[in-house]
Amino acid sequence: MPLNEKRYPDCTSCGRLACSSGLKEKTPESCPMVFDEELFDRSFTEFQKENLNNLACSAALVEAEGYCKWTRIEEIIAFARRLEYKRIGLAYCIGLRLEAERVSTILTNSGFDVVSAICKAGSIPKEKLGLTDNNKIKPGHFEAMCNPVAQAMLLNKAKTELKVVLGLCVGHDSLFLQYAEPPVTILAVKDRVLAHNPLGAIYAEHYFKKRF
Ligand code: SF4
Ligand code: SF4
């Protein structure tokens, strides 16, 4: 069955943004607010839960207070402070270990207890996962598998109140998110080509359009 017959949202094709403006008369027929009204009611009942309400209000207040003034690190600090969190978990990629050291220092100097776990912790050889020598970045050498499941378990065990992801790559971040107890926020994602700024590929369209 084609997607549109099943009435899935297609917000990127809308352009009217009636959801944002509140101008209901501009809502297109194809909008999920029209064909999935009940879902929005159901979603909102989740916000009645005290913990979720706190998270949502803190996020909105940080957004308003730091709007176009604070960097993402500052927003994370402000968010954690609003929620009165004390212990922050940092899950990071070995490729960003220097950045992780700095982030850890910043968070510590901001008054948090920082628990950090690197992606290679466990030192399990990639072969154990079923990969062959040819599948490695440098065949013929020892390569530890990345273990985002262990990263999540270590931070869960340390009872971190907020987890911060720094530079985990595509797929390994998916695994981390699958096992990490919430809440989790992302400080940076991995993009080795674009200085960890994946949207560079979108903003520099003239440069990248041949690739896509
Ligand atoms: S108005 Fe509806 S379809 Fe358009 S962007 Fe908002 S939610 Fe999506
Ligand atoms: S596999 Fe991903 S998380 Fe692991 S070292 Fe490489 S980039 Fe970092």
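Ala100, Val103 and Leu107 are buried in H6; a residue counts as buried if 20 or more other C-beta atoms lie within 10 Å of its own, as exposed if 12 or fewer do, and as partly exposed in between, with C-beta atoms placed from the backbone. Seen down the axis of H6, the buried residues fall within an arc of 65°, so they line one face of the helix. That arc is taken over the directions from the helix axis to the C-beta atoms. On the other side of H6, Leu98, Arg102, Thr105, Thr108 and Asn109 are exposed.

This is a predicted model, in which local features need pLDDT of at least 70, side-chain atom pairs count only at pLDDT 80 or more, and totals for chains, interfaces and linings use all residues. Residues are numbered from 1 along each chain as its sequence is written, while chains are lettered from A and ligands numbered from 1 in the order in which they are written.

H6 has 13 residues. From first C-alpha to last it reaches 18 Å, close to the 18 Å expected at 1.5 Å a residue; the expected span is 1.5 Å times one less than the number of residues. Just after H6, Gly111 takes a positive phi of about 100°. The buried residues of H6 pack against H5, S1, S2, S3 and S4. Helices (H or I, at least four residues) and strands (E, at least two) are DSSP runs, numbered from the N terminus.

Now step back to the whole chain. It holds 10 helices and four strands. Along the sequence they follow the pattern α-α-α-α-α-β-α-β-α-β-α-β-α-α. The C-alpha trace spans about 65 × 45 × 35 Å along its principal axes. The domain assignment gives domain 1 (29-69) and domain 2 (85-208); such bounds come from an automatic or database domain assignment. The two domain centres, taken over C-alpha atoms, are separated by 28 Å. Of the 212 residues in the chain, 19% are buried.

Next comes the core. In soluble globular proteins, nonpolar side chains tend to be buried together. The largest nonpolar core here has 30 residues; a nonpolar core is a set of buried Ala, Val, Leu, Ile, Met, Phe, Trp, Tyr and Cys residues joined through C-beta atoms within 7 Å. Leu90, Ala91, Tyr92, Val164 and Leu166 have the most contacts inside this core. H5 (72-82), S1 (87-92), H6 (97-109), S2 (113-118), H7 (148-157), S3 (162-166) and S4 (184-188) each supply at least two of its residues. Beyond its neighbours within four places in sequence, Tyr92 is in contact with Arg97, Ala100, Ser116, Ile118, Cys119, Leu166 and Gly167; contact means C-beta atoms, placed from the backbone, within 7 Å.

Follow S3 through this region. Five of the five residues of S3 are buried, so the strand is largely enclosed by the rest of the structure. Leu162, Val164 and Leu166 point one way, and Lys163 and Val165 the other way. S1 and S3 run parallel, joined by five bridges; strands pair if DSSP finds at least two bridges between them. Ala91 has Val165 in S3 as its bridge partner. S3 and S4 also run parallel, with four bridges. Here Lys163 has Val184 in S4 as its bridge partner.

Finally, the loop between S2 and H7 contains Lys136. Lys136 counts as partly exposed because it has 15 C-beta neighbours inside 10 Å. Leaving aside neighbours within four places in sequence, Lys136 is in contact with Lys126, His141 and Glu143. The C-alpha atoms of Lys136 and Lys126 are separated by 7.8 Å.

Notes. Two residues are in contact if their C-beta atoms, placed from the backbone, lie within 7 Å.
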